[in-house]
Amino acid sequence: MTIKPEQNLPPRAGFLNGVIVPEQPGKNAIEVRGVRKVFGTGEAQVAALDTVSVAIRENEFFTLLGPSGCGKTTLLRLIAGFDFPSEGEILLYGEDIAPLPPFKRPVNTVFQSYALFPHMTVAQNIGFGLEMLGKPKAEIQARVAQMLKLVKMEALAGRRTSQISGGQQQRVALARALAPQPKVLLLDEPLSALDYKLRKEMQIELKRLQHETGITFIFVTHDQEEALTMSDRIAVMSSGKILQVGAPRDIYDRPAERFVADFIGETNFLKGTVVSKKSGVATVKLASDATVAAGFPEGFDPSGAVTVVVRPEHADLIVDAAKGTVAGILANVVYFGTDTHYHVKLDGGDNFIVRHQNSRSGAVAFAPGAKVGIVFEDDGARILRD
Amino acid sequence: MADPRTIDIKDQPGFRSIAILCLCVLYVPILILMIFSFNTGSLVTHWEGVGFGWYGSALLNEEFHRAAQNTLIISTSATIISTIVATLAAIGMTRVKPWRGLPAAFMVINLPLMVPEIITAVATLSFFALIAGAFGLNFGIGNLILAHTVFCIPFAYMPIRARLEDMDLTLEAAAADLYATPWHAFRRITLPLLVPGIMSGAALAFIVSFDDFTITQLVAGPGQTTLPLYIWNQIRRPMTPEINAISTILLLVSILFVSVSFLIARRRAK
């Protein structure tokens, strides 16, 4: 088995209608430098953000991904100006905006609850930001009309916001935040209140809006699938820290830490011991005495007892147990329509799931209870920091 | 087991009879008072025939006019001042960082609701007597306006505060996010959404002031008779159905007032 050395995939700037939009090595729109945010005082002090630094590029669809309480919303609120950092700087095109109140920042927010003004019409909501900026009436009208067209809400301009559906409210909230042409648009889990189908539709819609407006989007979500499908780059957060920043492919295929691998997608964890190491690849002896070659992230020196991770789709099931990287007894077969999951009890005692894409032809029938082998794809096994 | 919420209150034994009894106790006396205002005779307890004579004499009664005028001046002024103060207090207690004196301030605002009115009345009377004695100050009808304003504040405060607390703070954050200064966010977002609260606060304050007897009776100087005081003075004499007519007029004014504020609140809520 050959193992490719650690390589960095080129960051994807965007993907629309089958055309990959090239990354423009542009400026940083937002630069967060050593930001700490502490709530409470004395003994009850909680660090919601623990010295976070990240740079968000111009025109990028950037996602802050993590479980609830990881600090992603706090970071967004600091960028919006609803809260102020305890330490550190937030630069918007090189200028520190951290001490400015929200109404002095050229940054707009789409709120989770939309926060549309209930006493105003759809058009008045969209025009509010421009009005506060003191734009002339004619310009506001023209811009509102343009925004209504952009989010396909022309017919409902005169409606009260209580008279439109959740999906339509979402569009109005987007149009309202985009109307003043902010330098950065912040989105705080804006799709979480929508049902599944509408959410899928809005994901594509958001991507389209970002391309058409060319505005930098910072998107907060706890939904890994949403993050993977929409983002140019993702920052995975946990307990007030950013664990990894990278393109969706990087994050998924080359998670830097065990938490990232566990949080995004499904992963098999195998216990083992490092036997030898050379140029980014270690040979690990697993619990079943089988040895496997596993890559590891840069700047990490694995030794002793380690955990090896393998994605379920980076492994394949074979009939001949002796030819597999590892072997075990097939315990369960779960059919999902698009694919099938094979649950295997490995010889060393670990559980392992293999995902197999279903097709019309060539379905190999594995019966539960059979002795099977598992082959890892090249570069399929990796050692991660715990 | 059935969801308790599916139980229809109307099916509960005794509900109908208790409800009818309560409604009778509340409204039959008022109904009788109104019916006797159309009496042609001069006794409030002896029916002689239908006529509008007592309404005519009430509307021509100079004393009634003066009392009505005093009441309107006092109640309107007290309503406006107390509603403004209550609005500011409610904002200062819900839209700022919690401050040290907050619970104490809340207590002070609500004190008039808890102190027996007669005590407030005596205290107010001695206060005005004291400043009149010490500084020779007498604000005339201003004394009554001041006294009314004080006890109207908690009534105006309650609905305004409730409305502010129910309001989604994200709306104000959204306004600030869309370049509204704190003043603009207040004027364009908070205030318009607060109007129903302010209206019902003002309506409550007006009714409480309009209706006040105890404090007014003690504080009022000569020529400062309000409607409740006037009615009370009338019933100490031999009563005529004129008093019924006056009461009916007051009742209609109150109903009109309450209906208007209710309609405004309903339109706003839509």
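**Close-up views of a predicted model**

View 1. Strand S14 (residues 281–286) of chain A pairs with S15(A) in the antiparallel sense over five bridges; two strands pair if DSSP finds at least two bridges between them. A:Ala282 has A:Ala294 in S15(A) as its bridge partner. Four residues lie between S14(A) and S15(A) in this hairpin, and A:Asp289 in the turn has a positive phi of about 75 degrees. Helices (H or I, at least four residues) and strands (E, at least two) are DSSP runs, numbered from the N terminus.

Residues are numbered from 1 along each chain as its sequence is written, and chains are lettered from A and ligands numbered from 1 in the order in which they are written. Because the model is predicted, local features need pLDDT of at least 70 and side-chain atom pairs count only at pLDDT 80 or more, while totals for chains, interfaces and linings use all residues.

**View 2. Chain A as a whole.** Chain A holds eight helices and 22 strands. Its C-alpha trace spans about 75 × 50 × 40 Å along the principal axes. Chain A is divided into domain 1 (14–258) and domain 2 (266–383), with bounds that come from an automatic or database domain assignment. The centres of domain 1 of chain A and domain 2 of chain A, taken over C-alpha atoms, are separated by 38 Å. Of the 386 residues of chain A, 41% count as buried. A residue is buried if 20 or more other C-beta atoms lie within 10 Å of its own, exposed if 12 or fewer, and partly exposed in between, with C-beta atoms placed from the backbone.

**View 3. Helix H5 of chain A.** The 18 residues of helix H5 (residues 196–213) of chain A should span 26 Å at 1.5 Å a residue, and its end C-alpha atoms are 26 Å apart, which agrees. The expected span is 1.5 Å times one less than the number of residues. A:Met202, A:Leu206 and A:Gln210 are buried in H5(A). Seen down the axis of H5(A), its buried residues fall within an arc of 75 degrees, so they line one face of the helix; the arc is that of the directions from the helix axis to the C-beta atoms. An α-helix has 3.6 residues a turn, so residues three or four places apart point the same way. On the other side of H5(A), A:Lys197, A:Ile204 and A:Glu212 are exposed. The cover over the buried residues of H5(A) includes strand S5 (61–65), helix H4 (166–178), strand S10 (216–221) and helix H6 (224–230) of chain A. Just after H5(A), A:Gly214 takes a positive phi of about 65 degrees.

**View 4. Strand S11 of chain A and its neighbours.** Six of the six residues of strand S11 (residues 233–238) of chain A are buried, so S11(A) is largely enclosed by the rest of the structure. A:Arg233, A:Ala235 and A:Met237 lie on one side, and A:Ile234, A:Val236 and A:Ser238 on the other. S5(A) and S11(A) run parallel, joined by four bridges, and A:Thr63 stands opposite A:Ile234 in S11(A). Strand S12 (residues 241–246) of chain A runs antiparallel to S11(A), with five bridges. A:Ile234 also has a bridge partner in S12(A), A:Gly246. The hairpin of S11(A) and S12(A) has two residues between the strands, and A:Ser239 there takes a positive phi near 45 degrees.

**View 5. Surroundings of A:Ala177.** A:Ala177 is found in helix H4 of chain A and is buried, with 26 other C-beta atoms within 10 Å. Leaving aside neighbours within four places in sequence, A:Ala177 is in contact with A:Asn108, A:Thr109, A:Val110, A:Pro182 and A:Leu185. Contact requires the C-beta atoms of two residues, placed from the backbone, to lie within 7 Å. The C-alpha atoms of A:Ala177 and A:Ile126 are separated by 7.6 Å, although these residues are 51 residues apart along the chain.
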